[in-house]
Each structure stands twice: as C-alpha cells, then as structure tokens.
Protein chains: 2
Amino acid sequence: MSEPKKAVVLLSGGIDSTTVLAIAKLEGYTCYAMSFNYGQRHKSELEAANVIAQVLGAETHLIQNLDLRLIGGSALTSDVEVPKDRSESEMSDHIPVTYVPARNTIFLSHALAWAEVLDASDIFIGVNALDYSGYPDCRQEYIKAFERMANLATKAGVEGHPLHIRTPLINLTKARIIQKGVDLGVDYSLTRSCYDPDRDGSACGHCDSCQLRIKGFREAGIPDPTHYKDSSS
Amino acid sequence: MSEPKKAVVLLSGGIDSTTVLAIAKLEGYTCYAMSFNYGQRHKSELEAANVIAQVLGAETHLIQNLDLRLIGGSALTSDVEVPKDRSESEMSDHIPVTYVPARNTIFLSHALAWAEVLDASDIFIGVNALDYSGYPDCRQEYIKAFERMANLATKAGVEGHPLHIRTPLINLTKARIIQKGVDLGVDYSLTRSCYDPDRDGSACGHCDSCQLRIKGFREAGIPDPTHYKDSSS
C-alpha cells in the first residue's frame, strides 16, 4: 500500500476553508491545517479553526503568528470601520477596505515552506472567484502564477517534485459550496464568517462576509446555523 | 518637482543587502528597510541591520516577527549543526541544510504587502546567483516568476501600477559587490554574515557565509573588517 499523500490546508475557520478541508480528507490526503494569527479583529475564527481541524481529522493544526498590523492597510487589521450592507455590485466592482494587502500571497508562502518541510505535494486554499469580495488574489490566474513561482522557489520543485496549489471551490457559488459541504457531512455551525463579531461571538449580519454567507444558505435552501446579533437580518 | 519614488529594501544586515540599500539610495529612492526576526540563530544580524538602516538613511526600519521555527526544516532555525569548511563545488552542487524553506518567498511576500500599503514601486533584494549557497530562490527565473505573481496579487498591479522586484547584485561576484559598496562609501564593518556567531558576535570563519565573505574581500583586494574568533581562518 502506498503512503497517503500529504497536503497543507489553509484553514481560516470559515465556510470555504472548512469545506476545502473536508474535500481534501475525502480525496485521501493526510491534512496539515494551517491558520494565521495576523492581528485580525475577528480572532474568534482561530478558535473555530482549531475545533474544525480536530473534528474533521486534520493530522495537526499549526497557528502561525505574524502581526500584519505593523504593515497596516486594511480594515481587518486596524481601526478603520468594516463596511456594512454593501450591494452585490459594490462588492464585485471595488476592492474594499477589508482587503488585506498580499494576504493570500503571505499565507501561501508560509504554506509553501511547511509543504516543503513535510514533503507535501499539495496546498489547498478555499479561494473563490464568484461569490467573493473583489480581492485580486482570489483569481485563477493569480493562483497559477503563484504555483509556477513556487516550483521555482523550492528544493522540491527544482528536484522534480512539483507542488500543486489546489482550489476546489474557485468556480463554485457560495450556495454550491454549502451544498457540497453538507453532502460531505460538514457541520457549518462550527464555522465563523463575520469580519466584525460581537465579543460573545455573534455575527454582525451586515459585513460582506456575513452577507455572502446569508445569501449562500438562502440560495442553497439550507438553514443557516449562525447566531446573528440582529436576528432580523 | 516630482515626488521621490519609494522602495522597500529587504535588509538582513549582511554584505549584499547593505550594498543594495546603498544602491537604492543612490538611485534616489526613499527607502523602507525591512528585516525579519524569524527564529534565526544569528539574531545579531538584526541589530546590525538596525544600525545600517540608520547610517545609510532609510526612512524607517521595520522588523517583522514570524517564527519559522514552528515550520522547521533548516539548520538556521533549529539545533542541526551549521556545516563548516565546505568546498566551493559542494556549495554550488548541493542545497545545504542552512537552506530555509521558501524564505525568500516569505520575505518578498511581506515586502509586497508593505509595498502595497506604502504605494512603493519597487522592492530591492540582494539575491545573487554567482557567489551563493545553492539556494533555488536566488535565481533570476525565480525572481521573474515572483514579480509576475505579485502583479496579479495586488490592487496596485491590477490597477496598472506594476511593482518591480529589483536585484542589482544578481550577476555580480561577491568581490564585485564589495568593490561597488566601497565605491559607494559603505562601511562593511557594520555588516554581519556569519550563520553561527559567538555570543560576543565574533564570526566563526568556517560556515558557507563566512567563507564567501572572506573570499570576496580577498578577491576584491580590500581588507576584511570582520572579527573572526579563530584569527588563523
């Protein structure tokens, strides 16, 4: 019997990355979950990620500390207000203040380092080019360019063991992602999406991330298990 | 008068990155120096970098904390012994245990984030494809692939303000780098190269980095201001 393949799975604790972890497990990978404590205001996602990694059977869960507040430039790592109640066209037309400069590049770079040490063949990331917030680093062409760079950067790539950046959700709507996860037995009550949660963990219901989540569950015809602070939202 | 261009300069405190900072200043950039406290055993390079940033007139010096010891895989971030007295052919033929997986990718990714926040047009990095230690992420094709990826990753790139990764030393020997730096008035006594220094900061004289430094000064015909613990080396 051949050894199971290893994958690093970027896990934020939200719907997308949780679904991705379930998919990687289904494909038979031994999964190494990786999260980042980067100074985000919504730190509760790290606790969620930790529980999800255990429940879904990740081999281990590594939280890397890197304080992106020193660099700044985002509402998610500063006191700038998180925008609320943006329309769908606003989300798709403008890169919002919640964009964290080069975040996926930083996360994938750390995952690349870990993949090289583990001798993992794949990195899974839950980027999505449809129901997303207009971030440039969620597009297929960006991911392909990162993969190409990664295979020139590392010992493994140079020695003929190419690494693959896997994006199983890139062309799915949020509703399809949720349906897929439910089919795989994912318990979405464990996940956190809100950019601006209350201290008790209640979601705001109005930031881009909450709005995409609410719409996704509605379109999937599946009850949203999230506790929103304003239950009318 | 047009505004001076901004650059992020990766500064380790060694010969190469110090020379690069001097070059960027000469070209008229306002320089933002960036170093990393990544769990390296030779932390004294960070103090050196701080002094160098001030002496050479960087606008500011940011030290980003990111503990790569959690990821491991390198003699520079673990208890694995740093190899000594390797021959030149050993250095060029094998990727050594001092290789830190994906280090330049991680450093450049953080520089990319800062460049985007600062609206800087260039990132300077002192990689060198000649007198180097056999690391894959020091080659021109890697740098080009990173630049391409970077311009797909960021708001600036997407909005038509491409970022340039500048590698002014990539085709120079260590001796030529030192000559160039001396011409620009760089005081190399401020720089640190050793991977395995004594507690008092004395260089070992035998690791790859010390050997390349010693050879560089010898070939340049310039006295090496470094204090080596074994003065016979």
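The following dialogue works through the labels used for this predicted two-chain model.

Student: Where is A:Ser87 found?
Tutor: In a loop of chain A, between strand E3 (60–65) and helix H3 (88–93). The C-alpha atom of A:Ser87 is separated by 36 Å from that of A:Ala7, 80 residues apart along the chain.

Student: What makes strand E1 (residues 6–10) of chain A largely enclosed?
Tutor: Buried takes 20 or more other C-beta atoms within 10 Å. Four of the five residues of E1(A) are buried, so the rest of the structure largely encloses this strand.

Student: How do you know that E1(A) pairs with strand E2 (residues 30–37) of chain A?
Tutor: Pairing needs at least two bridges. E1(A) and E2(A) have five, in the parallel sense. A:Val9 stands opposite A:Ala33 in E2(A).

Student: Which strands pair with strand E1 (residues 6–10) in chain B?
Tutor: E2(B) pairs with E1(B) over five bridges, in the parallel sense. B:Leu10 stands opposite B:Met34 in E2(B). Strand E4 (residues 122–124) of chain B also pairs with E1(B) in the parallel sense, over three bridges. Here B:Val8 stands opposite B:Ile123.

Student: What makes E3 and strand E5 (164–166) of chain B edge strands?
Tutor: The open sheet of five strands runs E3-E2-E1-E4-E5 in chain B, with parallel pairing. E3 and E5 each have a single partner strand, so one side of each lacks a neighbour in the sheet. On average, neighbouring strands of this sheet are turned by 25° against each other, direction ignored.

Student: Why is strand E2 (residues 30–37) of chain B described as mostly covered?
Tutor: Count the buried residues. Six of the eight in E2(B) are buried.

Student: What does B:Val9 contact beyond its neighbours within four places in sequence?
Tutor: The test for contact is C-beta atoms within 7 Å. B:Val9 meets it with B:Val20, B:Leu21, B:Ala24, B:Cys31, B:Tyr32, B:Ala33, B:Met34, B:Ala58 and B:Phe124. B:Val9 also belongs to the largest nonpolar core, which has 120 residues. B:Val9 is among the residues with the most contacts inside that core, as are A:Val9, A:Leu21, A:Ile123, B:Leu21 and B:Ile123.

Student: Why is the relation between chain A and chain B that of a two-fold axis?
Tutor: Look at the superposition. A rotation of 180° with 0.0 Å of shift along its axis places chain B on chain A, at an RMSD of 0.0 Å. That is the relation of a two-fold axis. B:Leu66 comes closest to this axis among the residues of chain B, with its C-alpha at 2.6 Å.

Student: How do you know that the same surface serves both copies?
Tutor: Of the contact residues of chain B, 100% recur in chain A.

Student: How many residues does each chain bring to the contact, and which elements of chain B take part?
Tutor: The contact takes 36 residues from chain B and 36 residues from chain A. Strand E3 (60–65), helix H4 (103–118), helix H5 (140–153) and helix H6 (155–158) of chain B each give two or more. H4(B) gives the most, with nine residues. The side of chain B that touches chain A divides into 22 nonpolar, eight polar and six charged residues.

Definitions and conventions:
Residues numbered from 1 in each chain as written. Chains lettered and ligands numbered in written order. Predicted model: local features only at pLDDT ≥ 70, side-chain atom pairs only at ≥ 80, totals over all residues. Core = buried A, V, L, I, M, F, W, Y, C linked by C-beta atoms within 7 Å. Buried ≥ 20, exposed ≤ 12 C-beta atoms within 10 Å, placed from the backbone. Contact = placed C-beta atoms within 7 Å. Nonpolar A, V, L, I, M, F, W, Y, C, P; charged D, E, K, R; others polar. Least-squares fit on C-alpha atoms with pLDDT ≥ 70 in both. Axes fitted to C-alpha atoms, helices over the stretch in contact; angles between N-to-C directions.
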